[in-house]
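This report describes selected features of a multi-chain model. Please keep the sequence and the structure in view while reading.

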Amino acid sequence: MLTLASLAQIVVNGLAAGVFYVLMALGFTLIFGILRLVNFAHGEFYMLGAFVVYHLYAQLGMNFFVALAAAAVAVAAVGVLVERVVFAPLRSRELSMLMSALGLQIAIQGIMAVVEGVEGLSLPSPVQGVYRSGWITFPYDRLLVVGAGLVVLLLFYAFITWTRLGQALRAVAQDGDAALMQGIPVNFVYTAAFAIGCALAAIGGALIGPVFSLQVYMGQPALLKAFIVVILGGLGSVPGALVGGLVLGLGESAFATLFGGLTSDMFGFLMIMGILLWKPTGLLGRAEA
Amino acid sequence: MRRWMRSVTLSCAVAALAAWAVVPPAEAQPKKGEIKIGFISALSGAGIGWGMGMLGGLELAAEDINNAGGIKIGDTVNTIKVIAYDDKYGGPGAVQAAQRLISQDGVNIIVGPLGSVPMLAIADVTESNKVLVLSNSYTTKALSAKKPYTFRLTPTSAEFATPLIGWIAKQRPKLKTAAIISPNDETGKEVMSHDERAYEKAGIKVVIRDFYERGTQDFVPVLTKIVAAKPDIIDFDGSTPADSGVILKQARQIGYQGQFIKGGGPGTLEIIRVAGDFANGLLYYSPWDPNDAKIKALMARFEAKYKMPFNALGIFFYEGGHALFDAIKKTQTTSSDGLRQFLEQQKEFQGVQGRYVWGGEADYGIRHQWIAPFFVGEVQAGKEVMLMKIEP
Amino acid sequence: MPKPERASGGRGWVTPAAWAVVIGAAFALPSLFASAFWLYLFDVILINGVMALGLNIILKTGQVSMAHAGFMAIGAYTCAQLIVKLGVPFLAAFALGGAAAALSALVLGRIILRLRGVYFLLFTFSLNEFLFLLSKNVTVLTGGNTGVMGIPPPSLPLVGALRSKAAFYYFALTVLVLASGLVAALYRSPFGRAMDAVRESELLATAVGYNPMRVKVVAFGVGCGLAGLGGGLFASFLGYIAPFNFTFWESVNFLLMNIVGGASFPAGAVIGAVIITPLPELLRAYVVWQQVLYGFLLMLLMRFLPDGLASLLAAPARALLARLRAAAPAPGVDSGRRAGEKA
């Protein structure tokens, strides 16, 4: 039976899940918007971030947020290397880039499986406890993710709107050739964009890791969610990622709680197929030039 | 120059002849042979813990036999050799591996595979080649009267769910209702039906049964519904240990106070690792007693050899390996027909843990299912504690 | 007026003869490699060849489909259930499987081929996932997670059941050869030129009078129909199908075969199948690092051989054929002299 309290719970669950999904999708949509690359390896950078924080915070006792920053920087560095070596030589060949991203995904996952083992690990959250009221129950570790996630979103928005690099990124996303003619160092922008996308993925993984579990295969479901969010909201659109994430989170929460776990997965795929047919550029996407 | 060479050659020849004449011929050595046992399982990817557990169990048993001098058949002393291939937890991979074992490596005994889909896929190949198969896999369709060469070493929830739940129900009579949550795959659905049967027989009402897709990480939406129905028990059914840990943690976080039961496959340490303190009080099915000295020794041996923890599933393949080698020794043959008949008529096997019998006529139409002793475990203060041993 | 001589000077039989030699060698293979292990591998290569060929047709119009395994599933389940549940004879079930896949593709294609480039790719990706979930849950049609068991081997009129791996090989090879022939003919036909035009630029294609939508839909239908036939082959070969045989990763595999072999030639698809299929067998020794090696191999291939192997082989193959033609005797002409030359 659907009481007001359970409805409130569904909404709260859904919004929280929505923020999770936005965090997963942000880097992915950025990379697509600027490099036109469907980054299949996105989930692996997400996973790398979680593991770096695991080693620094859970094992070495570093402060959680310092570890988070360190993870972002480390994974960004990996991103720079990858972009220069793997993707830059393939710049205009979209299909080759896509297959390379696939190869990268397989390789990173394989290496981590050997290095870390395949068993599930626990990444403890810096906060414990649960908020309980007559209406809703909300664990504090999720609250931390939602809070930190919103901070990240705001910082990213500020970056992309007001910094020079952010404006350069937007220029290249809009029209790479025009940006080149304006004197923007396009190659540098591509590398920077990829690195930032990876850093965002890493932050997502590190923040969400404590809520779920840590495992070398954790990137796969995250990638799938990122796909759905980004298609919903529009490839390359950051506000679209926000809207898409929240819509997905709420929809899944409602379906799972009301109709059972199986329907929520199918719901996601049906939705994107619908969106692609009705408005292929997504809810907030721009039409392709 | 040439004369010099000729004399050197001649001297060598003479020396060799002399040596051959003087040194007595070696004693008549017993003939040496090799018994090849094929092995297929998930040796990479997510199932590697179980797959390596199975392989380790078999190889440690083989080591025991080889170190004790092998198996003597007639006047040939045989060492056991295990040939292992990865099926990548998939049907075509398993069939390819089975083909290779049968036609290239010439085995007629295969241990494994791990999963239901590989198991069902290789049935045609192994049965038509009369290959003895000692497998894992959870599906009820793995065994049947139409597959006379296929045996299963691992007890499934069809075998242990009823005794497990029955004992728990008797010990904790306050538990009246249960919710079962399971992954949507072959194993999950099968285990769900066995668990339901067990709860029914124990007089506990199943109020909710829910499935989730593999890859789900956020169980809170599903758990919200389950917890609202206030069941006394939440059973993780066929969920993987990692998923079980997450479900447990998230359920406790949203306020569930009841009893958790894990009736499916082994891997409690992982659950404890993922769920932390929340795992205390979990009741579960354990194939072994990890506090028993003999088991501890086995675990140490495994870790030293493979550099990873020994998954409890491996115990069936250690004991099963010994049962197989014992059968070979007693029948003095490696023919699949001979071994099959021996195993079918075997009354019992005494393993490290106790008494094993063959059963399963009622469920499968053929007596090829191993029934093993098991333990009811409880997590107390982060450790595994065995409450009770249940023997067939 | 004297009859105009063809440029080849009457040596046009060389290329078909070369193909005949290759196909003949393929038919002779089971006699050389009789072990069940090799035959099994060859059979899987043939099935993958049919699948990759189907995808090649779709790629030729410039669309990248990630749902190829999904259409394979439609064909496989249709064929399998018709045989197992309704006792339909093999050839009919096999053909119906292909038809079911083709029909679904034609119906869906009309709607989804509006999408271009990456959007089509993403849609087909979701479609594959959705079909996968469907096959797991619509138990009454597909048998759910358990799938369909006990599928008998192909049974042909006059020949009976193809129980041995070698017999299946000949059947599958025949299917592949026929399909390749049809595809090659299709590519050489006016429709093939339309496909190329649409791939290069839909705008220009429309300008010269082609209907890109119709071209793409037909290509999609034919390509997916082949996938359906491949599915029927797969089902009757393995004897058992389950949803896990038709995931997104299988679709990726077929794309990989085309890319590695070279998508511009139909032969490329088959070459890709020949290379990719045995790869796990070759890497068997390195179980732990297998995955990593595979990933690196993929990246290296994309970097250094982006047009696939067929492009590498195309030039030397043409040179060889030209040499053969030059050496081959032309009918009714003095050797060494081109026809029409004055003595």
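## Terms and basis

A residue is called buried if 20 or more other C-beta atoms lie within 10 Å of its own, exposed if 12 or fewer do, and partly exposed in between, with C-beta atoms placed from the backbone. Helices (H or I, at least four residues) and strands (E, at least two) are DSSP runs numbered from the N terminus.

The model is predicted: local features need pLDDT of at least 70 and side-chain atom pairs count only at pLDDT 80 or more, whereas totals for chains, interfaces and linings use all residues. Residues are numbered from 1 along each chain as its sequence is written, and chains are lettered from A and ligands numbered from 1 in the order in which they are written.

## Helix α11 of chain A

Helix α11 of chain A covers residues 261-278, which amounts to 18 residues. From its first C-alpha to its last it reaches 27 Å, close to the expected 26 Å; the expected span is 1.5 Å times one less than the number of residues.

Buried positions in α11(A) are Gly261(A), Ser264(A), Asp265(A), Gly268(A), Phe269(A), Ile272(A), Met273(A), Ile275(A) and Leu276(A). These residues pack against elements of three chains: α9 (219-233) and α10 (238-259) of chain A, β8 (205-212) and α7 (220-228) of chain B, and α5 (117-137) of chain C. Contact here requires the C-beta atoms of two residues, placed from the backbone, to lie within 7 Å.

Between chains B and A, 30 residues of chain B are in contact with 29 residues of chain A. On the chain B side, α2 (48-67), β8, α7, α8 and α9 (268-275) each supply at least two residues. The most comes from α7(B), with 6 residues.

The contact between chains C and A takes 29 residues from chain C and 31 from chain A. On the chain C side, the elements that give two or more residues are α4 (90-112), α5, α11 (248-261) and α14 (290-304). Here α5(C) gives the most, with 10 residues.

## A helix pair in chain A

Helices α6 (residues 164-174) and α8 (residues 186-208) of chain A pack at about 105 degrees, with their axes 10 Å apart. Axes are lines fitted to C-alpha atoms, for helices over the stretch in contact, and angles run from 0 to 180 degrees between N-to-C directions. The angle makes α6(A) roughly perpendicular to α8(A); angles of 65 to 115 degrees count as roughly perpendicular, under 35 as roughly parallel, over 145 as roughly antiparallel and the rest as oblique. Leu165(A), Ala168(A), Leu169(A) and Val172(A) of α6(A) meet Val186(A), Val189(A), Ala192(A) and Ala193(A) of α8(A).

## Fold of chain B

Chain B contains 13 helices and 16 strands, and its C-alpha trace spans about 105 × 45 × 40 Å along the principal axes. Of its 392 residues, 56% count as buried. Among contacts with a separation of 6 or more, 68% join residues 24 or more positions apart.

Most residues other than glycine have a negative phi, and most peptide bonds are trans. The bond from Gly112(B) to Pro113(B) is cis, with omega near -5 degrees; Pro113(B) lies in the loop between β4 (109-111) and α4 (116-128) of chain B.

Asp237(B), in the loop between β9 and α8 (241-253) of chain B, has a positive phi of about 60 degrees. Ala381(B), in the loop between β15 and β16 of chain B, has a positive phi of about 50 degrees. Asp237(B) is buried, with 29 other C-beta atoms within 10 Å, whereas Ala381(B) is exposed, with 7.
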